[in-house]
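Please look over the sequence and the model first.

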Amino acid sequence: MRRADPVAVAKPLVFAAALLPAAWLMYRALIGHLGVNPVETIEHHTGDWALHFLLITLAVTPLRRLTGHGSIVRLRRMLGLFCFFYATLHFSAWLLFDHFFDVMEMARDIGKRPYVTVGFSAFVLLMPLALTSTNGMLKRLGGRRWKRLHSLVYVVGTLVILHYLWLVKKDTYYPVLYGVILVALLALRAPSLRRPRRDATARGGSGVAAQVTIGDQGTTARVHDPIVRHTQQLRIRL
Amino acid sequence: MLIRRPHDIPSREITERPVYLRRREFLSRSIDAGLTAAALGAFGILAPPRVMAGEKLSGVAKSAFAVKEELTPYESATTYNNFYEFGTAKEDPSLYAQDFKTRPWSVTVEGECARPGTYTLEDFLKPHALEERVYRLRCVEGWSMVIPWVGFPLADVIERFEPTGNARYVEFTTLLDPGQMPGQRRPVLDWPYVEGLRMDEARHPLTILAVGMYGEVLPNQNGAPLRLVVPWKYGFKSIKSIVKLRFTEEQPGSTWNRTAPDEYGFYSNVNPGRDHPRWSQAKERRIGEFFKRPTLPFNGYADQVASLYAGMDLVNTYF
(Lines give C-alpha, C1' and ligand atoms only; values in the text may rest on other atoms or scores of the structure.)
Protein backbone atom coordinates (compact mmCIF):
# COMPACT_ATOMS: atom_id res chain seq x y z
CA MET A 1 0.00 0.00 0.00
CA ARG A 2 1.31 3.45 -0.87
CA ARG A 3 1.82 5.84 2.00
CA ALA A 4 -0.11 9.10 1.66
CA ASP A 5 2.09 12.01 0.72
CA PRO A 6 1.53 14.53 3.57
CA VAL A 7 2.30 17.55 1.41
CA ALA A 8 -0.18 16.46 -1.23
CA VAL A 9 -2.79 16.18 1.49
CA ALA A 10 -1.86 19.54 3.02
CA LYS A 11 -1.89 21.46 -0.25
CA PRO A 12 -5.65 21.82 -0.78
CA LEU A 13 -6.11 22.52 2.93
CA VAL A 14 -3.50 25.28 2.89
CA PHE A 15 -5.08 26.66 -0.28
CA ALA A 16 -8.50 26.84 1.39
CA ALA A 17 -7.04 28.35 4.56
CA ALA A 18 -5.19 30.99 2.55
CA LEU A 19 -8.48 32.09 1.04
CA LEU A 20 -10.11 32.58 4.43
CA PRO A 21 -8.90 36.19 4.97
CA ALA A 22 -10.39 37.15 1.60
CA ALA A 23 -13.58 35.25 2.33
CA TRP A 24 -13.86 36.93 5.72
CA LEU A 25 -13.50 40.34 4.11
CA MET A 26 -16.13 39.50 1.48
CA TYR A 27 -18.50 38.27 4.15
CA ARG A 28 -18.07 41.45 6.17
CA ALA A 29 -18.64 43.51 3.03
CA LEU A 30 -21.84 41.60 2.20
CA ILE A 31 -23.36 42.08 5.64
CA GLY A 32 -22.15 45.69 5.74
CA HIS A 33 -19.74 45.18 8.62
CA LEU A 34 -16.55 46.68 7.27
CA GLY A 35 -16.45 49.20 10.09
CA VAL A 36 -16.66 52.96 10.17
CA ASN A 37 -14.07 53.43 7.43
CA PRO A 38 -14.62 50.48 5.05
CA VAL A 39 -11.97 51.56 2.55
CA GLU A 40 -9.37 51.70 5.29
CA THR A 41 -10.52 48.28 6.54
CA ILE A 42 -10.11 46.80 3.06
CA GLU A 43 -6.73 48.44 2.52
CA HIS A 44 -5.37 47.43 5.92
CA HIS A 45 -6.74 43.88 5.79
CA THR A 46 -5.39 43.11 2.31
CA GLY A 47 -2.07 44.81 3.08
CA ASP A 48 -1.70 42.89 6.33
CA TRP A 49 -2.34 39.57 4.61
CA ALA A 50 0.01 40.29 1.72
CA LEU A 51 2.68 40.88 4.37
CA HIS A 52 1.69 37.79 6.34
CA PHE A 53 1.97 35.58 3.26
CA LEU A 54 5.28 37.17 2.33
CA LEU A 55 6.67 36.27 5.75
CA ILE A 56 5.11 32.79 5.69
CA THR A 57 6.71 32.20 2.29
CA LEU A 58 10.05 33.37 3.60
CA ALA A 59 9.64 31.06 6.60
CA VAL A 60 9.62 27.95 4.41
CA THR A 61 13.37 27.73 3.93
CA PRO A 62 14.32 28.19 7.60
CA LEU A 63 11.58 25.74 8.58
CA ARG A 64 12.92 23.13 6.20
CA ARG A 65 16.32 23.58 7.65
CA LEU A 66 15.23 23.52 11.27
CA THR A 67 12.72 20.70 11.04
CA GLY A 68 14.27 18.62 8.33
CA HIS A 69 10.92 18.43 6.54
CA GLY A 70 12.30 19.43 3.19
CA SER A 71 9.11 18.56 1.38
CA ILE A 72 7.27 21.65 2.62
CA VAL A 73 9.05 23.55 -0.12
CA ARG A 74 6.32 22.23 -2.39
CA LEU A 75 3.90 24.60 -0.66
CA ARG A 76 6.11 27.59 -1.20
CA ARG A 77 4.97 28.60 -4.69
CA MET A 78 1.36 28.61 -3.62
CA LEU A 79 2.11 30.68 -0.51
CA GLY A 80 4.10 33.15 -2.59
CA LEU A 81 1.25 33.47 -5.05
CA PHE A 82 -1.15 34.17 -2.20
CA CYS A 83 1.15 37.03 -1.16
CA PHE A 84 0.81 38.35 -4.71
CA PHE A 85 -2.96 37.78 -4.61
CA TYR A 86 -3.41 39.90 -1.48
CA ALA A 87 -0.92 42.49 -2.72
CA THR A 88 -2.99 42.79 -5.92
CA LEU A 89 -6.17 43.34 -3.92
CA HIS A 90 -4.33 45.90 -1.77
CA PHE A 91 -3.04 47.75 -4.83
CA SER A 92 -6.46 47.60 -6.52
CA ALA A 93 -8.18 49.10 -3.48
CA TRP A 94 -5.72 52.00 -3.57
CA LEU A 95 -6.19 52.38 -7.32
CA LEU A 96 -9.97 52.36 -7.11
CA PHE A 97 -10.88 53.99 -3.80
CA ASP A 98 -8.03 56.39 -3.21
CA HIS A 99 -7.51 57.56 -6.77
CA PHE A 100 -10.35 56.18 -8.90
CA PHE A 101 -7.96 55.41 -11.77
CA ASP A 102 -6.65 58.98 -11.85
CA VAL A 103 -3.34 58.03 -13.44
CA MET A 104 -1.78 61.48 -13.15
CA GLU A 105 -2.50 61.70 -9.48
CA MET A 106 -1.31 58.17 -8.86
CA ALA A 107 1.94 58.95 -10.63
CA ARG A 108 2.33 62.06 -8.47
CA ASP A 109 1.66 60.03 -5.35
CA ILE A 110 4.19 57.37 -6.33
CA GLY A 111 6.82 59.99 -7.09
CA LYS A 112 6.22 62.19 -4.09
CA ARG A 113 5.29 59.93 -1.18
CA PRO A 114 8.12 57.67 -0.07
CA TYR A 115 5.74 55.17 1.53
CA VAL A 116 3.80 54.92 -1.73
CA THR A 117 7.04 54.76 -3.73
CA VAL A 118 8.34 51.77 -1.80
CA GLY A 119 4.95 50.08 -1.62
CA PHE A 120 4.42 50.41 -5.34
CA SER A 121 7.98 49.25 -6.06
CA ALA A 122 7.41 46.17 -3.92
CA PHE A 123 4.27 45.35 -5.89
CA VAL A 124 6.03 45.86 -9.23
CA LEU A 125 8.89 43.61 -8.13
CA LEU A 126 6.45 40.89 -7.13
CA MET A 127 5.05 40.76 -10.66
CA PRO A 128 8.01 39.04 -12.38
CA LEU A 129 8.13 36.58 -9.50
CA ALA A 130 4.47 35.69 -9.96
CA LEU A 131 4.86 35.50 -13.75
CA THR A 132 7.86 33.17 -13.56
CA SER A 133 6.36 30.94 -10.92
CA THR A 134 5.27 28.26 -13.39
CA ASN A 135 7.25 25.11 -14.10
CA GLY A 136 7.54 26.18 -17.72
CA MET A 137 9.14 29.51 -16.84
CA LEU A 138 11.44 27.83 -14.40
CA LYS A 139 12.66 25.49 -17.13
CA ARG A 140 13.01 28.28 -19.63
CA LEU A 141 15.06 30.44 -17.27
CA GLY A 142 17.13 27.66 -15.83
CA GLY A 143 17.44 27.03 -12.14
CA ARG A 144 20.30 29.34 -11.47
CA ARG A 145 18.83 32.41 -13.18
CA TRP A 146 15.43 31.64 -11.78
CA LYS A 147 16.85 31.57 -8.29
CA ARG A 148 18.68 34.80 -8.79
CA LEU A 149 15.53 36.45 -10.04
CA HIS A 150 13.53 35.15 -7.13
CA SER A 151 15.98 36.46 -4.58
CA LEU A 152 14.20 39.74 -5.36
CA VAL A 153 11.80 38.62 -2.67
CA TYR A 154 14.31 39.81 -0.07
CA VAL A 155 14.20 43.28 -1.61
CA VAL A 156 10.41 43.13 -1.62
CA GLY A 157 10.38 42.22 2.08
CA THR A 158 12.55 45.19 2.95
CA LEU A 159 10.46 47.60 0.85
CA VAL A 160 7.24 46.35 2.41
CA ILE A 161 8.52 46.95 5.94
CA LEU A 162 9.59 50.48 4.93
CA HIS A 163 6.15 51.02 3.39
CA TYR A 164 4.51 50.10 6.69
CA LEU A 165 6.99 52.04 8.82
CA TRP A 166 6.61 55.24 6.80
CA LEU A 167 2.84 55.29 6.70
CA VAL A 168 2.09 55.04 10.41
CA LYS A 169 1.64 58.32 12.20
CA LYS A 170 3.64 57.57 15.31
CA ASP A 171 3.03 54.16 16.80
CA THR A 172 5.63 51.98 15.06
CA TYR A 173 4.93 48.88 17.17
CA TYR A 174 3.61 46.68 14.37
CA PRO A 175 5.96 47.70 11.55
CA VAL A 176 8.90 47.17 13.89
CA LEU A 177 7.52 43.81 15.02
CA TYR A 178 7.14 42.64 11.42
CA GLY A 179 10.58 44.06 10.62
CA VAL A 180 12.11 41.99 13.40
CA ILE A 181 10.37 38.87 12.07
CA LEU A 182 11.71 39.60 8.58
CA VAL A 183 15.26 40.10 9.87
CA ALA A 184 14.98 36.87 11.87
CA LEU A 185 13.81 34.95 8.80
CA LEU A 186 16.68 36.33 6.76
CA ALA A 187 19.21 35.67 9.51
CA LEU A 188 18.12 32.04 9.66
CA ARG A 189 19.42 31.72 6.12
CA ALA A 190 22.95 32.63 7.12
CA PRO A 191 25.46 30.06 5.84
CA SER A 192 26.95 29.71 9.32
CA LEU A 193 23.67 28.27 10.49
CA ARG A 194 23.82 25.51 7.93
CA ARG A 195 25.00 22.31 9.46
CA PRO A 196 26.05 20.02 6.63
CA ARG A 197 26.76 16.49 7.68
CA ARG A 198 30.22 15.14 7.11
CA ASP A 199 30.27 12.97 4.04
CA ALA A 200 26.61 12.56 4.29
CA THR A 201 23.69 12.52 1.99
CA ALA A 202 20.56 14.03 3.34
CA ARG A 203 17.27 13.39 1.70
CA GLY A 204 14.18 15.43 2.41
CA GLY A 205 10.68 14.14 1.96
CA SER A 206 10.34 15.84 -1.39
CA GLY A 207 13.43 14.16 -2.64
CA VAL A 208 15.73 17.13 -2.06
CA ALA A 209 19.12 15.59 -1.84
CA ALA A 210 22.20 17.18 -0.41
CA GLN A 211 25.58 15.61 -0.47
CA VAL A 212 28.51 17.04 1.38
CA THR A 213 31.96 15.63 0.89
CA ILE A 214 34.98 16.73 2.81
CA GLY A 215 38.15 15.73 1.07
CA ASP A 216 41.63 16.85 0.06
CA GLN A 217 40.23 19.15 -2.56
CA GLY A 218 38.10 21.04 -0.05
CA THR A 219 34.52 20.71 0.95
CA THR A 220 32.04 20.05 -1.79
CA ALA A 221 28.34 20.42 -1.34
CA ARG A 222 25.93 19.24 -3.98
CA VAL A 223 22.30 19.99 -3.54
CA HIS A 224 19.72 18.67 -5.91
CA ASP A 225 16.27 20.12 -5.68
CA PRO A 226 13.71 18.25 -7.79
CA ILE A 227 11.21 21.09 -7.51
CA VAL A 228 13.61 23.55 -9.02
CA ARG A 229 15.08 20.69 -11.07
CA HIS A 230 18.45 22.11 -10.36
CA THR A 231 21.64 20.81 -8.95
CA GLN A 232 23.87 23.29 -7.31
CA GLN A 233 27.44 22.54 -6.48
CA LEU A 234 29.54 24.50 -4.11
CA ARG A 235 33.20 23.91 -3.45
CA ILE A 236 35.00 25.56 -0.63
CA ARG A 237 38.78 25.26 -0.39
CA LEU A 238 40.30 25.95 2.94
CA MET B 1 30.73 37.26 62.84
CA LEU B 2 27.62 36.60 60.92
CA ILE B 3 25.66 39.72 60.18
CA ARG B 4 22.18 38.80 59.24
CA ARG B 5 20.77 40.94 56.53
CA PRO B 6 17.07 41.49 56.88
CA HIS B 7 15.07 39.79 54.17
CA ASP B 8 13.85 41.81 51.27
CA ILE B 9 10.17 42.46 51.17
CA PRO B 10 8.68 39.25 49.84
CA SER B 11 7.29 39.70 46.38
CA ARG B 12 3.81 38.62 47.47
CA GLU B 13 3.63 41.70 49.64
CA ILE B 14 4.53 44.12 46.89
CA THR B 15 1.51 45.86 45.49
CA GLU B 16 1.33 45.39 41.75
CA ARG B 17 2.02 48.54 39.81
CA PRO B 18 -1.43 48.85 38.13
CA VAL B 19 -3.08 48.47 41.54
CA TYR B 20 -0.67 50.97 43.09
CA LEU B 21 -1.37 53.47 40.34
CA ARG B 22 -5.07 53.23 41.06
CA ARG B 23 -4.69 53.63 44.84
CA ARG B 24 -6.52 56.96 44.94
CA GLU B 25 -9.35 55.52 42.98
CA PHE B 26 -9.48 52.63 45.41
CA LEU B 27 -9.65 55.06 48.32
CA SER B 28 -12.27 57.25 46.75
CA ARG B 29 -14.32 54.22 45.76
CA SER B 30 -14.15 52.96 49.31
CA ILE B 31 -15.24 56.37 50.56
CA ASP B 32 -17.96 56.50 47.93
CA ALA B 33 -19.17 53.10 48.98
CA GLY B 34 -19.16 54.20 52.62
CA LEU B 35 -21.01 57.42 51.89
CA THR B 36 -23.52 55.67 49.69
CA ALA B 37 -24.17 53.14 52.39
CA ALA B 38 -24.55 55.93 54.92
CA ALA B 39 -26.93 57.84 52.66
CA LEU B 40 -28.93 54.74 51.98
CA GLY B 41 -29.11 54.07 55.67
CA ALA B 42 -30.07 57.62 56.59
CA PHE B 43 -32.60 58.33 53.88
CA GLY B 44 -33.40 54.93 52.53
CA ILE B 45 -32.88 56.13 49.00
CA LEU B 46 -30.30 55.58 46.31
CA ALA B 47 -27.60 58.16 45.74
CA PRO B 48 -28.29 60.33 42.68
CA PRO B 49 -26.70 58.87 39.52
CA ARG B 50 -23.47 60.37 38.26
CA VAL B 51 -23.43 62.37 35.05
CA MET B 52 -23.28 59.63 32.46
CA ALA B 53 -22.14 59.60 28.89
CA GLY B 54 -25.21 59.42 26.69
CA GLU B 55 -27.36 61.34 29.15
CA LYS B 56 -29.57 63.85 27.34
CA LEU B 57 -28.50 67.47 27.78
CA SER B 58 -31.35 69.88 28.33
CA GLY B 59 -31.72 73.54 27.44
CA VAL B 60 -29.36 73.41 24.49
CA ALA B 61 -29.90 76.34 22.12
CA LYS B 62 -29.43 75.90 18.38
CA SER B 63 -26.65 78.01 16.98
CA ALA B 64 -26.28 79.73 13.64
CA PHE B 65 -22.89 78.01 13.38
CA ALA B 66 -24.16 74.86 11.75
CA VAL B 67 -22.95 73.45 8.46
CA LYS B 68 -25.70 72.13 6.23
CA GLU B 69 -24.10 68.79 5.62
CA GLU B 70 -25.19 65.31 6.53
CA LEU B 71 -24.24 64.40 10.09
CA THR B 72 -21.82 61.55 10.63
CA PRO B 73 -23.71 58.71 12.32
CA TYR B 74 -23.35 58.76 16.11
CA GLU B 75 -22.10 55.18 16.00
CA SER B 76 -19.21 56.18 13.70
CA ALA B 77 -18.21 59.30 15.60
CA THR B 78 -18.09 57.38 18.89
CA THR B 79 -16.28 54.20 17.76
CA TYR B 80 -13.72 55.57 15.31
CA ASN B 81 -11.47 58.31 16.58
CA ASN B 82 -8.03 59.12 17.89
CA PHE B 83 -7.47 59.49 21.61
CA TYR B 84 -3.99 58.05 22.13
CA GLU B 85 -4.46 58.11 25.91
CA PHE B 86 -6.63 55.03 25.39
CA GLY B 87 -4.62 53.38 22.61
CA THR B 88 -3.48 54.14 19.10
CA ALA B 89 -6.06 52.14 17.14
CA LYS B 90 -9.23 53.93 16.08
CA GLU B 91 -11.50 51.64 18.09
CA ASP B 92 -9.30 51.67 21.20
CA PRO B 93 -10.88 54.77 22.79
CA SER B 94 -14.38 53.30 22.56
CA LEU B 95 -13.12 50.03 24.03
CA TYR B 96 -10.87 51.28 26.80
CA ALA B 97 -12.49 54.54 27.93
CA GLN B 98 -15.67 52.92 29.22
CA ASP B 99 -14.64 52.98 32.89
CA PHE B 100 -12.94 56.36 32.71
CA LYS B 101 -14.07 58.50 35.65
CA THR B 102 -15.10 62.01 34.67
CA ARG B 103 -16.47 62.93 38.13
CA PRO B 104 -15.13 64.41 40.31
CA TRP B 105 -13.23 66.59 37.88
CA SER B 106 -11.50 69.89 38.33
CA VAL B 107 -10.03 72.43 35.99
CA THR B 108 -7.06 74.55 36.94
CA VAL B 109 -6.67 78.01 35.46
CA GLU B 110 -3.25 79.60 35.80
CA GLY B 111 -0.70 81.90 34.24
CA GLU B 112 -1.24 85.44 33.04
CA CYS B 113 -4.72 86.11 34.42
CA ALA B 114 -6.41 87.91 37.30
CA ARG B 115 -8.38 84.95 38.60
CA PRO B 116 -6.24 81.83 38.65
CA GLY B 117 -7.41 78.86 40.65
CA THR B 118 -8.71 75.34 40.64
CA TYR B 119 -12.41 74.98 39.96
CA THR B 120 -14.68 72.00 40.17
CA LEU B 121 -16.08 71.14 36.78
CA GLU B 122 -19.53 72.16 37.99
CA ASP B 123 -18.31 75.62 39.00
CA PHE B 124 -16.30 75.93 35.82
CA LEU B 125 -19.35 75.19 33.66
CA LYS B 126 -22.05 76.97 35.69
CA PRO B 127 -22.07 80.41 34.07
CA HIS B 128 -22.23 79.09 30.52
CA ALA B 129 -25.35 78.40 28.49
CA LEU B 130 -25.03 75.42 26.19
CA GLU B 131 -25.51 75.66 22.46
CA GLU B 132 -25.21 73.25 19.57
CA ARG B 133 -22.60 73.75 16.85
CA VAL B 134 -22.52 71.53 13.79
CA TYR B 135 -18.93 71.52 12.59
CA ARG B 136 -16.78 69.69 10.10
CA LEU B 137 -13.95 67.75 11.68
CA ARG B 138 -10.89 67.05 9.53
CA CYS B 139 -8.30 64.62 10.85
CA VAL B 140 -4.69 65.12 9.81
CA GLU B 141 -4.80 61.49 8.63
CA GLY B 142 -7.15 62.34 5.78
CA TRP B 143 -10.65 61.46 7.01
CA SER B 144 -13.43 63.78 8.07
CA MET B 145 -16.78 63.89 9.84
CA VAL B 146 -19.62 66.30 10.58
CA ILE B 147 -20.40 66.44 14.29
CA PRO B 148 -23.03 68.33 16.30
CA TRP B 149 -21.12 69.50 19.38
CA VAL B 150 -22.70 70.91 22.50
CA GLY B 151 -20.67 73.55 24.25
CA PHE B 152 -20.02 77.24 24.73
CA PRO B 153 -17.59 79.78 23.31
CA LEU B 154 -14.08 79.61 24.74
CA ALA B 155 -14.07 83.42 24.47
CA ASP B 156 -16.62 83.62 27.33
CA VAL B 157 -14.43 81.43 29.53
CA ILE B 158 -11.36 83.52 28.78
CA GLU B 159 -13.23 86.69 29.69
CA ARG B 160 -14.21 85.26 33.08
CA PHE B 161 -10.63 84.65 34.12
CA GLU B 162 -9.46 88.11 33.03
CA PRO B 163 -6.20 87.49 31.21
CA THR B 164 -3.56 90.17 31.69
CA GLY B 165 -2.03 92.20 28.90
CA ASN B 166 0.83 89.71 28.76
CA ALA B 167 -1.43 86.80 27.86
CA ARG B 168 -0.83 86.08 24.21
CA TYR B 169 -1.54 82.35 24.13
CA VAL B 170 -3.60 79.75 25.94
CA GLU B 171 -2.17 76.35 26.73
CA PHE B 172 -4.39 73.34 27.46
CA THR B 173 -3.42 70.12 29.22
CA THR B 174 -5.10 66.71 29.22
CA LEU B 175 -5.39 64.61 32.36
CA LEU B 176 -2.34 62.48 33.16
CA ASP B 177 -3.51 59.25 34.76
CA PRO B 178 -1.88 56.08 33.43
CA GLY B 179 -4.00 54.07 35.84
CA GLN B 180 -7.11 55.03 33.95
CA MET B 181 -5.59 55.81 30.59
CA PRO B 182 -3.82 52.68 29.37
CA GLY B 183 -2.34 54.47 26.37
CA GLN B 184 -0.24 56.60 28.71
CA ARG B 185 1.61 53.52 29.93
CA ARG B 186 3.48 53.42 26.63
CA PRO B 187 5.74 56.32 25.63
CA VAL B 188 4.03 56.82 22.28
CA LEU B 189 3.74 60.53 23.01
CA ASP B 190 5.26 62.76 25.66
CA TRP B 191 2.45 62.67 28.25
CA PRO B 192 0.47 64.61 29.28
CA TYR B 193 -0.91 65.84 25.98
CA VAL B 194 -0.73 69.61 25.61
CA GLU B 195 -2.08 71.98 23.01
CA GLY B 196 -2.12 75.69 22.48
CA LEU B 197 -3.87 78.50 20.66
CA ARG B 198 -2.95 82.08 19.99
CA MET B 199 -5.26 84.36 21.98
CA ASP B 200 -7.14 85.61 18.92
CA GLU B 201 -7.72 82.02 17.81
CA ALA B 202 -8.90 81.08 21.28
CA ARG B 203 -11.27 84.05 21.35
CA HIS B 204 -12.63 83.43 17.87
CA PRO B 205 -16.40 82.84 17.95
CA LEU B 206 -15.98 79.46 16.21
CA THR B 207 -13.77 78.12 19.01
CA ILE B 208 -15.71 76.29 21.70
CA LEU B 209 -15.28 74.10 24.73
CA ALA B 210 -17.58 71.12 24.36
CA VAL B 211 -19.27 68.99 27.01
CA GLY B 212 -21.54 67.06 24.69
CA MET B 213 -22.30 65.84 21.20
CA TYR B 214 -25.47 64.75 19.44
CA GLY B 215 -27.45 66.41 22.23
CA GLU B 216 -25.94 64.14 24.87
CA VAL B 217 -23.18 64.22 27.45
CA LEU B 218 -19.83 63.66 25.75
CA PRO B 219 -18.91 59.96 25.64
CA ASN B 220 -15.64 59.25 27.46
CA GLN B 221 -13.89 58.25 24.25
CA ASN B 222 -14.63 61.62 22.67
CA GLY B 223 -12.89 63.64 25.35
CA ALA B 224 -15.25 63.80 28.32
CA PRO B 225 -15.90 65.72 30.38
CA LEU B 226 -14.48 68.81 28.69
CA ARG B 227 -12.76 69.25 25.35
CA LEU B 228 -11.76 71.89 22.90
CA VAL B 229 -13.23 72.15 19.39
CA VAL B 230 -11.45 74.31 16.80
CA PRO B 231 -13.10 73.41 13.51
CA TRP B 232 -10.64 75.02 11.08
CA LYS B 233 -7.64 73.13 12.46
CA TYR B 234 -6.71 69.45 12.21
CA GLY B 235 -8.48 67.35 14.80
CA PHE B 236 -5.49 66.82 17.06
CA LYS B 237 -5.56 70.52 18.03
CA SER B 238 -8.95 69.94 19.66
CA ILE B 239 -7.53 68.58 22.91
CA LYS B 240 -9.63 66.23 25.03
CA SER B 241 -10.33 65.68 28.75
CA ILE B 242 -8.89 69.05 29.74
CA VAL B 243 -7.65 69.61 33.30
CA LYS B 244 -5.69 72.84 32.85
CA LEU B 245 -5.77 76.16 31.03
CA ARG B 246 -2.74 78.38 31.25
CA PHE B 247 -2.38 81.90 29.85
CA THR B 248 1.13 82.49 28.55
CA GLU B 249 3.20 85.15 26.93
CA GLU B 250 5.35 82.69 25.00
CA GLN B 251 3.99 80.28 22.41
CA PRO B 252 3.17 77.11 24.34
CA GLY B 253 4.15 73.62 23.35
CA SER B 254 1.93 71.33 21.37
CA THR B 255 2.39 67.58 21.73
CA TRP B 256 2.38 66.61 18.06
CA ASN B 257 4.54 69.59 17.17
CA ARG B 258 7.12 68.48 19.75
CA THR B 259 6.90 64.90 18.52
CA ALA B 260 7.53 65.70 14.85
CA PRO B 261 8.11 69.42 14.23
CA ASP B 262 8.49 69.01 10.47
CA GLU B 263 5.19 67.14 10.21
CA TYR B 264 2.90 69.02 12.60
CA GLY B 265 3.16 72.75 13.07
CA PHE B 266 1.87 74.78 16.00
CA TYR B 267 -0.91 76.27 13.88
CA SER B 268 -1.98 73.13 12.01
CA ASN B 269 -4.74 74.88 10.12
CA VAL B 270 -6.45 72.59 7.63
CA ASN B 271 -4.61 73.40 4.43
CA PRO B 272 -4.94 71.39 1.20
CA GLY B 273 -2.02 73.44 -0.18
CA ARG B 274 0.39 72.21 2.47
CA ASP B 275 0.92 68.46 2.38
CA HIS B 276 1.99 66.42 5.32
CA PRO B 277 5.60 65.50 4.42
CA ARG B 278 4.55 61.87 4.07
CA TRP B 279 1.06 62.13 2.59
CA SER B 280 -1.16 64.49 0.64
CA GLN B 281 -3.67 66.77 2.35
CA ALA B 282 -5.42 67.73 -0.88
CA LYS B 283 -8.30 65.31 -0.36
CA GLU B 284 -10.15 63.66 2.44
CA ARG B 285 -12.48 60.73 2.90
CA ARG B 286 -15.72 61.79 4.55
CA ILE B 287 -16.68 58.92 6.83
CA GLY B 288 -19.59 57.16 5.16
CA GLU B 289 -18.35 57.88 1.64
CA PHE B 290 -16.18 55.68 -0.54
CA PHE B 291 -14.37 58.18 -2.70
CA LYS B 292 -12.36 61.13 -1.55
CA ARG B 293 -13.51 64.72 -1.76
CA PRO B 294 -11.33 67.83 -2.00
CA THR B 295 -10.24 69.34 1.31
CA LEU B 296 -11.21 72.98 1.74
CA PRO B 297 -8.81 75.68 2.98
CA PHE B 298 -9.36 76.18 6.73
CA ASN B 299 -11.73 73.21 6.50
CA GLY B 300 -14.32 75.42 4.81
CA TYR B 301 -14.12 78.19 7.42
CA ALA B 302 -11.82 80.48 5.43
CA ASP B 303 -14.37 83.32 5.33
CA GLN B 304 -14.44 83.45 9.11
CA VAL B 305 -10.79 82.79 10.01
CA ALA B 306 -8.45 83.50 7.08
CA SER B 307 -8.03 87.10 8.26
CA LEU B 308 -6.38 85.87 11.48
CA TYR B 309 -3.40 84.84 9.41
CA ALA B 310 -3.09 87.76 7.02
CA GLY B 311 0.45 88.12 5.75
CA MET B 312 1.64 84.84 7.25
CA ASP B 313 3.26 82.14 5.12
CA LEU B 314 1.03 79.22 6.04
CA VAL B 315 2.86 76.73 3.84
CA ASN B 316 6.49 77.02 4.79
CA THR B 317 6.65 78.79 8.13
CA TYR B 318 3.38 78.86 10.01
CA PHE B 319 1.92 75.50 9.04
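This is a predicted model: local features need pLDDT of at least 70, side-chain atom pairs count only at pLDDT 80 or more; totals for chains, interfaces and linings use all residues.

Residues are numbered from 1 along each chain as its sequence is written, and chains are lettered from A and ligands numbered from 1 in the order in which they are written.

**The chains**
- Chain A has nine helices and four strands, and chain B has nine helices and 13 strands; helices (H or I, at least four residues) and strands (E, at least two) are DSSP runs, numbered from the N terminus.
- Along the sequence of chain A, the order is α-α-α-α-α-α-α-α-α-β-β-β-β.
- Of the 238 residues in chain A, 23% are buried, and in chain B the share is 40% of 319 residues; a residue is buried if 20 or more other C-beta atoms, placed from the backbone, lie within 10 Å of its own.

**Contact between the chains**
- Chain B contributes 17 residues and chain A 14 residues, where two residues are in contact if their C-beta atoms, placed from the backbone, lie within 7 Å.

**Nonpolar cores**
- A nonpolar core is a set of buried Ala, Val, Leu, Ile, Met, Phe, Trp, Tyr and Cys residues joined through C-beta atoms within 7 Å.
- The largest one holds 57 residues, and B:Trp149, B:Ala210 and B:Met213 have the most contacts inside it.
- Apart from it lies another core, of 31 residues, including A:Trp49 and A:Phe123.

**Helix α8 of chain A**
- This helix (residues 152-167) has 16 residues and reaches 23 Å from first C-alpha to last, close to the 22 Å expected; the expected span is 1.5 Å times one less than the number of residues.
- Its buried residues include A:Val156, A:Leu159 and A:Tyr164, and the buried residues pack against α2, α5 and α9 of chain A.

**Strand β8 of chain B**
- Six of the six residues of β8 (residues 208-213) are buried.
- Strand β8(B) runs antiparallel to β5(B), joined by five bridges, and to β10(B), over three bridges; two strands pair if DSSP finds at least two bridges between them.
- B:Gly212 stands opposite B:Val150 and also opposite B:Val217 in β9(B).
- Strands β8(B) and β9(B) form a hairpin with two residues between them, and B:Tyr214 in the turn has a positive phi of about 55 degrees.

Key
A residue is buried if 20 or more other C-beta atoms lie within 10 Å of its own, exposed if 12 or fewer, and partly exposed in between; C-beta atoms are placed from the backbone.
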